[in-house]
Amino acid sequence: MTQTKSEPEEYARCLLRQLATERVSDITPFAEKIGLRVREVPLKSFDGALARIPNQLKGRIAVRINIREPGRKVFTIAHE
């Protein structure tokens, strides 16, 4: 049985091809490369948020500054 790729997985692979990269080693420069500025801010009730600029491929990702685990911070940025 062959496994088919999900739509999000195919989208991610297409994006990596367009950016001429095989994998993302550091999420913040990658986010900025696609028009998303990442800022650590003192959030209290949630870990992260994405604010997009209407009709543009730009925006900001806010991530809670006091997330202790590096993996959790990377996950939050990638999720947004």
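**Sheet first.** I looked up the strand order and got β1-β3-β2, an open sheet of three strands with mixed pairing. For pairing I need DSSP to find at least two bridges between two strands. Strands here are DSSP runs of E with at least two residues, helices are runs of H or I with at least four, and both are numbered from the N terminus. β1 and β2 (48-52) are the edge strands, each pairing on one side only. Neighbouring strands of this sheet are turned by 20 degrees against each other on average, direction ignored; axes are lines fitted to C-alpha atoms, for helices over the stretch in contact, and angles run from 0 to 180 degrees between N-to-C directions.

**Ground rules.** I am working on a predicted model, where local features need pLDDT of at least 70, side-chain atom pairs count only at pLDDT 80 or more, and totals for chains, interfaces and linings use all residues. I number residues from 1 along each chain as its sequence is written, and side-chain values use heavy atoms, with hydrogens and water left out.

**β2 and β3.** These two run antiparallel and are joined by five bridges. Leu 50 has Ile 61 in β3 as its bridge partner. The pair makes a hairpin with six residues between the strands, and Asn 55 in the turn has a positive phi of about 60 degrees.

**What packs on the sheet?** Helix α3 (residues 70-79) does, touching β1, β2 and β3. I get about 150 degrees between its direction and that of β3. Contact, for me, is heavy atoms within 4.5 Å.

**Ile 27.** This residue sits in helix α2 (residues 27-33). Buried or exposed? Ile 27 counts as buried because its relative accessibility is 16%, and the cut-off for buried is under 20% relative accessible area (exposed is over 50%, partly exposed in between; 1.4 Å probe, protein chains only). Leaving out residues up to four places away in sequence, Ile 27 touches Val 74, Ile 77 and Ala 78. Val 74 is 47 residues from Ile 27 along the chain, yet their C-alpha atoms are separated by 6.5 Å.

**Core.** The largest nonpolar core has eight residues, among them Ile 27, Ala 31, Leu 36 and Ile 77. α2, β1 (36-41) and β3 (59-64) each supply at least two residues of this core. Such a core is a set of buried Ala, Val, Leu, Ile, Met, Phe, Trp, Tyr and Cys residues joined through side-chain atoms within 4.5 Å. Ala 31 is in contact with Leu 36 and Val 38, neighbours within four places aside.

**Helix α1.** I checked the length of α1 (residues 7-18): its 12 residues should span 16 Å at 1.5 Å a residue, and the end C-alpha atoms are 16 Å apart, which agrees. The expected span is 1.5 Å times one less than the number of residues. At the start of α1, a side-chain oxygen of Ser 6 comes to within 3.2 Å of the backbone nitrogen of Glu 9. Ala 20 follows α1 with a positive phi, near 55 degrees.

**Whole chain.** Elements run α-α-β-β-β-α from the N terminus on. Of the 80 residues, 22% count as buried. The C-alpha trace spans about 45 × 30 × 20 Å along its principal axes.

Terms used:
A polar contact is a pair of N or O atoms within 3.5 Å; within protein, one must be able to donate a hydrogen and the other to accept it, and residues adjacent in sequence count only if both atoms are side-chain atoms.
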